Amino acid sequence: MTFRRAAAGIALALGLIVTGASAHAAEPIKIGFFAPLTGNLANFGERFRESVQLYEEQLNAAGGIDGRKVEIIYEDDRNSPKEAASIAQKFANTPGLVFVVGSFSTTASLAAAPILTEAKIPQVSPSSSHPDFPKFSPYQFRQNTRQDKLAPLHAELVVDKLKGKKIAIPFFQDDWGQTTANLTKAAIEQRGGEVVLIEPIAPNARDFRPLVSKIKSLNPDVIFLPVHYQEASAFVQQLRQAGVTTPIGSPDPLSNPKFVELAGKDAEGILLYTSFFADDPKVKPYVDAYKAKYNRLPDQYSALAYDSIAVGVNAIRTVLQSEKPLTGENVRDAIATAPAYEGLTGTTKYDDEREVNKKSTFIIIKNGAYVLY
Amino acid sequence: MELFLSQILNGLAIGQVYALIALGFSLVFGVANIINFAQGALFMLGAFIAYSAIAWFGLPLVPAAAVSVVIVAILGLLLERIALRPLIGAPYVAPFLSTLAISTIIDQSAEIVWSPESQPFPASISSTTFFIGNAYITVTDLVIFGFGAAATVALTLFVSFTWTGRALRATAQDASAAAQLGIRTDVMRQIAFGLAGALGALSGILVALYFQSVFPQMGIPFGLKGFAAALLGGLASIPGAVVGGLLLGIGETLASAYVGDSYRDAIAFTLLLLMLLVRPNGLLGGGRLDALGGAAAAAGAMPTTSLLASSSSQQSALRAYYLPPWGFLAVGAAFTLVPLVVSSTYVLQALIYGFIFALLSASTSLVSGSVGILSIGQAAFFGVGAYAVGVFARPYGLPADATLVIAIGLTALVAVGAAIPLLKLTGHTAALGTLAIGQIGFLVFLNWVSVTRGPMGILNIPHPVLELLGGLRFATTEQKYWLVLGFVAVALVIAERYVSSPIGRVWRAIREDRLAALAAGLPVRRYILLAFAVSGALAGLAGGLFAYVQQVVSPESFTVETSILVLTMAVLGGLGNLTGAALAGFALAILPEFLRGFAEWRMIVYGLLLLVALRVRPQGLLGAR
Amino acid sequence: MTGEAIVVDNVSRVFGGLKAVDGASLKLARGETVAIVGPNGAGKSTLIQLISGVERADSGTIHVDEVRTDHLPPDRIARLGVGRSFQTSRVFPALTVWDSVLVGVQAGLIETRSGRLIDPVTESAGALLGLPFWQRRVAAQEAAAEAALKLFGDRLWPRRDQPALGLSYANRRRLEIARLLAAEPRYLLLDEPSAGMNPTETEELTHLILDLRRTHPDMGILVIEHKLSMVRRIADRVVVLNQGRVLIEDRPDHALDHPEVVEAYLGRARSGANFQDAHHG
């Protein structure tokens with residue numbers, strides 16, 4: 001009795017999976033997209049999705065790729081490796097899916113990587129920053145520049161531009177924040193600067209007063225802030241409230257209009273760099289389209305996602321035009337060997353390690369807006 | 001010294017915020033004996049409703065705050081009415097999970113209504129800061145102090161001197177006696193929830209003013225601190241909540257100042273556990289905890305976490321359906337055939353996660369159900385197992401048989417160590433203790449960079465190789481499917497043997513009446529530790545297998561959300577019923593795959609399903625055992 | 001020192017300023033039955049709490065068979081052979097009658113002859129693998145459990161698969177006593193075993209205790225009891241407790257008819273009071 005009930009339940013569950021999974025191929029070219037669309041990092045994932053959806057509409061309105069429509073499958077990984085792996089399996093089992101964009105964090109991207117690699121589907125992550133990410137297999141690419149290539153830029157910003165000798169680095173406790181902080185520290189020391197504080201802050205932390213008091217007592221000349229904008233805005237507010245006027249330099253994630261909105265006047269004077277500058281006339285059509293559709297300005301993450309999907313679509317077009325069969329393997333080769341592509345965030349030209357090296361522009365926050373430095 | 005004093009001041013400022021949140025918990029816990037997990041969600045709603053009133057309708061701060069307090073108080077009433085009233089008489093975990101489901105629904109709805117972004121709070125009190133040397137205090141701090149003190153005093157006066165307040169206290173002390181005196185205890189419960197909602201909203205608004213921003217995910221971190229503060233002070237005590245909040249604030253500020261900011265929460269929760277070791281009732285532990293067995297009264301009143309103690313439908317609650325130990329092998333054997341029929345690796349992957357979570361859920365059911373110590377920290381044990389494999393499989397290149405044995409043994413040890421502070425605790429206090437353990441686990445994974453590689457995680461974990469089977473390698477999804485299935489089936493057989501053995505009987509006796517078990521000459525502590533060891537071993541194995549399947553181990557997999565999910569599985573399956581737990585774990589692990597179509601509504605649907613399931617079968621799908 | 005007995009010597013326990021037990025001394029030898037009587041709040045239950053280790057004495061000593069027990073945890077004291085019931089009977093609500101009694105014999109299952117406990121690993125191995133040595137122990141304990149249940153005739157044995165919660169009030173009390181007896185204690189401490197029983201059931205209980213005295217001639221029995229007619233029939237000695245102190249200790253007829261006792265018990269002396277069942281709830 002007990003056994004039969006349980007067995008019936010399991011059989012039922014199984015039946016549902018089997019039927020649920022049998023999606024099948026249709027005409028359009030399929031592309032997978034996954035990012036955290038709910039949960040803690042949903043604000044970043046939403047930026048990705050908005051841009052990719054905009055691209056999809058623009059592309060299909062213009063007739064798709066050589067007349068073939070593109071269908072993008074959107075999935076939410078909640079920044080959970082388990083979800084990311086399931087999604088990757090779903091993509092791997094979707095016939096005709098030859099390219100994947102995702103995810104936001106390296107952890108989620110890498111959880112999908114083994115499965116996508118086995119299925120020979122190339123993956124472009126807009127923002128995975130772990131140094132080892134593209135090393136996983138020839139199928140992993142990214143759109144952001146590797147941290148060790150950015151570290152000298154950070155040192156230049158802190159030591160040369162802001163004239164810092166004693167530098168404090170509160171950093172965000174994730175793979176990006178940790179790598180950035182450590183590499184930047186090394187680069188600063190190479191230039192003769194001294195790092196007097198390097199300390200992680202926890203995701204979703206809001207109370208920085210203990211840290212602020214500590215920084216205040218150390219009295220650095222410059223604060224370098226590799227922290228995402230939500231936490232960073234609370235940090236700078238509490239810093240300025242404590243009467244600390246030390247200049248602040250930061251890497252690109254703070255080039256986000258939301259940061260200025262959140263931090264208000266306390267964001268004034270922060271010096272940073274970005275690979276995407278919304279006031280650049282070259283990106284105006286994109287910025288206008290984005291604003292028209294979503295009623296807000298795009299940020300660097302939106303732009304990186306837009307470039308990610310563009311790189312994939314270009315490669316698919318190359319494969320189709322070369323009249324090779326449209327397989328993930330061929331798309332991968334096309335991405336790896338594609339000529340330099342001028343995107344919103346600079347030039348994409350993959351080197352042998354499947355890395356890009358994009359040019360950055362220094363900007364500063366003045367009167368509540370980003371202006372060229 | 002000056003730095004130290006300024007840090008104390010900082011601690012008091014954030015501590016006051018925690019105290020306000022803790023007050024809401026204490027009130028509901030005192031009156032309704034329910035841990036209201038949705039308090040964090042009400043807190044977040046309070047902040048967002050005030051935000052909307054100002055930003056969308058242009059109200060000034062004070063009326064906006066008033067509107068928000070009233071609306072959230074009404075929501076508090078509704079919460080009691082919809083999610084808790086129908087569960088009176090259900091096993092004591094049902095209302096607890098019900099508030100959790102509500103919290104999931106509210107949090108996700110807020111992301112949809114207000115977007116997942118942070119929003120600047122459109123009002124502020126004053127940006128004036130007073131400096132005392134290097135220390136400083138802001139006008140906002142003083143306002144929060146003022147409100148916190150006023151709320152505490154008002155609440156104390158209310159419960160001491162008004163008729164309603166006295167009725168509330170009477171209900172808190174003994175609901176049935178209060179009912180005999182003509183107090184409408186159901187109304188009292190509603191009042192408590194309404195007040196808790198109002199307090200939650202008030203603290204939400206003050207926090208929004210303090211940090212000048214609101215974000216939909218703010219409920220969980222602040223809610224956790226609120227629990228910790230309430231527990232530290234003594235769950236049902238009003239002054240205790242305040243003292244607990246302030247102490248927590250100071251403690252973690254000092255930890256941040258002198259150890260490092262990333263250790264602040266880990267230290268805060270460790271201090272909490274240590275404190276529970278010394279003073280299980282909390283610093284100002286109130287009467288309710290005494291009644292719950294703090295200082296055993298003359299009649300030997302000790303708490304019971306009996307499955308049935310408050311159950312009105314005793315007979316039906318007792319009917320449990322479960323497999324005999326060999327049944328798990330039979331089901332496992334049937335499942336081995338699946339890859340021969342189904343070729344989709346997507347389906348197989350989903351099933352693999354189903355198996356792993358079946359095991360994890362069973363491990364939770366064992367401590368939470370059989371022994372009656374609700375575990376809201378199982379993800380920590382899961383994580384220890386996963387990291388053990390991650391650490392030993394990669395650099396040392398050990399085969400899977402060795403790493404899995406290490407994972408099992410190490411996790412069992414960690415679980416026993418973690419259980420020691422819990423030995424004196426029962427009921428809800430023990431549950432909150434496990435919550436702290438779960439948080440500490442996650443924070444250690446995140447911050448112990450030299451071993452766990454912190455947020456970078458451990459990557460490229462090699463495919464498992466079983467040396468004992470002549471170096472058999474499991475590389476493809478099908479092969480891993482069989483590997484996981486085999487281990488899970490055998491582990492479940494062992495677990496079920498435990499639960500059906502005399503040892504399992506003693507566990508249930510301890511759950512039903514710990515004092516009577518002691519009086520029967522049973523070494524209760526030893527049996528509880530044994531239960532944690534077994535549960536830890538199972539969770540460690542689940543974690544080890546997870547690491548091999550995933551090939552990546554990183555802290556995100558082991559958050560409090562995972563612990564809660566796993567507990568949900570165990571409860572829905574029927575506490576103490578391993579068959580039910582395994583079935584629910586399996587089903588809930590693959591359910592999200594079916595809900596993918598709902599996109600951002602997914603978690604809301606999930607929460608609703610949970611609510612319905614609790615309502616229909618509060619004793620679990622297959623019955624508690 | 002005193003041979004095989006429970007010896008309570010000058011023990012006190014204070015609850016928040018109230019002296020629940022105030023320098024009480026008492027001896028319960030094996031083979032005798034002692035009843036404790038006294039008004040509510042006299043400290044009768046507290047005394048049992050102290051002997052069984054559930055409460056700690058503030059001063060004084062307690063020995064069980066010459067082992068000092070006033071600092072031992074309750075489970076250790078129980079394993080010395082002290083079985084106790086509770087004023088509000090404590091059964092394991094969700095466990096069946098059969099399982100409840102088996103819990104009573106579990107301590108004997110894991111205890112070796114030398115009084116040590118079998119370690120958890122051996123216990124796990126025994127329980128999981130069903131090793132022969134273990135099965136023999138289990139069989140012996142199950143026999144004891146069955147015998148204990150059958151002491152109550154058809155009250156419990158036919159209901160052995162029912163959950164304890166579903167039992168009548170009297171049956172729960174019986175189950176609690178059966179659980180204690182299954183462990184074959186040297187001393188049985190019963191805290192108001194007849195509370196809530198009707199006259200017929202009380203009569204049955206009286207017979208049970210009288211039977212126990214016959215079948216277990218080595219067992220010491222300590223009973224807290226308000227029903228004095230019952231006390232007169234079962235007890236060898238009566239200890240009258242008032243305000244935490246031992247007022248009188250004597251043969252039942254002497255003790256119960258003592259004027260001081262009558263006064264203490266009823267609040268004031270009533271000449272010629274027919275002292276039957278002074279049961280007051």
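Q: What percentage of the residues of chain A count as buried?
A: The model is a predicted one. A residue is buried if 20 or more other C-beta atoms lie within 10 Å of its own. Among the 373 residues of chain A, the share that counts as buried is 60%.

Q: Why does the radius of gyration of chain A agree with that of a compact globule?
A: Chain A has 373 residues, and for a compact globule with this number the radius of gyration would be near 21 Å. The two agree because the value for chain A is 22 Å.

Q: Which strands are the edge strands of the open sheet in chain C?
A: This open sheet of chain C has four strands in the order β2-β1-β4-β5, with antiparallel pairing. An edge strand here pairs on one side only, which is the case for β2 (18-29) and β5 (67-68) of chain C.

Q: Which residue is the bridge partner of C:His63 in β5(C)?
A: Strand β4 of chain C covers residues 59-64 and pairs with β5(C) in the antiparallel sense over two bridges. In β5(C), C:His63 has as its bridge partner C:Arg68.

Q: At roughly what angle do the axes of helix α9 and helix α10 of chain B cross?
A: Two packed helices are described by the angle and the distance between their axes. Helix α9 (residues 219-233) and helix α10 (residues 238-258) of chain B have axes that come within 7 Å. The crossing of α9(B) and α10(B) is right-handed. Their axes cross at roughly 115°.

Q: How many nonpolar residues does the contact of α9(B) with α10(B) have?
A: On α9(B) the contact includes B:Ala228 and B:Leu232, and on α10(B) it includes B:Val243 and B:Leu247. By class, this contact of α9(B) with α10(B) has one charged residue, four polar and, as nonpolar residues, eight.

Terms used. Residues are numbered from 1 along each chain as its sequence is written. Chains are lettered from A and ligands numbered from 1 in the order in which they are written. This is a predicted model: local features need pLDDT of at least 70, side-chain atom pairs count only at pLDDT 80 or more; totals for chains, interfaces and linings use all residues. The radius of gyration is taken over C-alpha atoms; the globule rule is 2.2 Å times the number of residues to the power 0.38. A residue is buried if 20 or more other C-beta atoms lie within 10 Å of its own, exposed if 12 or fewer, and partly exposed in between; C-beta atoms are placed from the backbone. Two strands pair if DSSP finds at least two bridges between them. Axes are lines fitted to C-alpha atoms, for helices over the stretch in contact, and angles run from 0 to 180 degrees between N-to-C directions. A crossing is left-handed if the near helix is turned anticlockwise from the far one by less than a right angle, and right-handed if clockwise. Two residues are in contact if their C-beta atoms, placed from the backbone, lie within 7 Å. Ala, Val, Leu, Ile, Met, Phe, Trp, Tyr, Cys and Pro count as nonpolar, Asp, Glu, Lys and Arg as charged, and the others, Gly among them, as polar.
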